[in-house]
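Please read the following report with the sequence and the model side by side. It moves from the whole chain to single residues.

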Amino acid sequence: MEIHFSIPGPPKAKGRPRVTVRNGHARAFTPKATRAYERLVSQCAQLAKKSVFEGPVRVELLAVVPRPKRLMRKSDPDGLLPCPTRPDIDNYVKAVLDGCACLWGDDAQVVDLVAKKRYSERGGEPRMEVTICDL
């Protein structure tokens, strides 16, 4: 089984957990922007879902971030370009895998992972493209 779906809008990286202290007890929580992005990922995954993955899976991610104005010159290539800027690609991966929890029982089922981060095409839209398949 294989599913493919796209998450519209600029990809969001998983934010660091925040910690507060109340009545002498520390409490960690996920930032609101991260929770909202993980909900969006989950909604897109639910629409593409055929059934729950039972065994090991392969995940391929393509994070397409907005192209900066400095790369909009006529001399710059039209297609996707490598994006060496922050946030780190592993933080994009964490946000997507946590949002895809509805597709499998545990993140440990992901045994193959390919992740790429690119600037969008000239005039292209930022997005996150996800492909998940059985092994």
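This is a predicted model: local features need pLDDT of at least 70, side-chain atom pairs count only at pLDDT 80 or more; totals for chains, interfaces and linings use all residues.

Residues are numbered from 1 along each chain as its sequence is written, and side-chain values use heavy atoms, with hydrogens and water left out.

## Overall build

The protein chain contains two helices and seven strands, where helices (H or I, at least four residues) and strands (E, at least two) are DSSP runs numbered from the N terminus. Read from the N terminus, these elements follow the order β-β-β-α-β-β-α-β-β. Along the principal axes, the C-alpha atoms fill a box of roughly 60 × 40 × 25 Å. The accessible surface of the chain is about 8,100 Å², and 54% of this belongs to carbon and sulfur atoms; such areas come from the Shrake-Rupley method with a 1.4 Å probe, and for residues only the protein chains shown count as cover.

Of the 135 residues in the protein chain, 36% are buried, a term that stands for under 20% relative accessible area, whereas exposed stands for over 50% and partly exposed for values in between (1.4 Å probe, protein chains only). Among contacts (heavy atoms within 4.5 Å) with a separation of 6 or more, 85% are between residues 24 or more positions apart.

Which residues of helix α2 are buried? In this helix, which spans residues 89-99, they are Asn-91, Tyr-92, Val-93, Ala-95, Val-96, Leu-97 and Gly-99. Their cover includes α1, β4 (57-65), β6 (110-119) and β7.

Thr-34 lies in helix α1 and counts as buried because its relative accessibility is 6%. When neighbours within four places in sequence are set aside, Thr-34 touches Ala-13, Lys-14 and Gly-15.

Asp-134 is located in strand β7, which covers residues 127-134, and counts as partly exposed because its relative accessible area is 33%. Apart from neighbours within four places in sequence, Asp-134 is in contact with Met-1, Phe-53, Pro-56 and Val-57. Asp-134 and Gln-109 are 25 residues apart along the chain, and 9.8 Å separates their C-alpha atoms.

## Charged side chains

The chain carries 24 positive and 16 negative side chains, and the centres of the two sets are 10 Å apart. In this count Lys and Arg are positive and Asp and Glu negative, while His and the chain ends are not counted; each charge is placed at NZ of Lys, CZ of Arg, CG of Asp or CD of Glu.

Side chains of opposite charge can pair when their charged atoms come close. The structure holds ten salt bridges, each being a side-chain nitrogen of Lys or Arg within 4 Å of a carboxyl oxygen of Asp or Glu.

| Acidic residue | Basic residue | Closest N and O atoms |
| Asp-76 | Arg-73 | 3.0 Å |
| Asp-88 | Arg-86 | 3.6 Å |
| Glu-121 | Arg-127 | 2.9 Å |

Asp-88 is partly exposed at 33%, and Arg-86 is exposed at 70%. Arg-127 is buried at 16%, while Glu-121 is partly exposed at 24%.

Where does positive charge gather on the surface? A patch is formed there by Arg-22, Arg-27, Lys-32, Arg-35 and Arg-39. Patches consist of residues with over 30% relative accessible area and no salt bridge, with like charges joined within 9 Å and nonpolar side chains (Val, Leu, Ile, Met, Phe, Trp, Tyr) within 5 Å. Helix α1, residues 32-48, gives the most to the positive patch, with three residues. Arg-27 belongs to strand β3, residues 25-29, and is partly exposed at 44% relative accessibility.

## Backbone details

Arg-86 and Pro-87 are joined by a cis peptide bond, with omega about 0°, and Pro-87 sits in the loop between β5 (81-82) and α2. Asn-23 has a positive phi of about 50° although it is not a glycine. Asn-23 is placed in the loop between β2 (18-22) and β3, and it counts as exposed because its relative accessible area is 77%.
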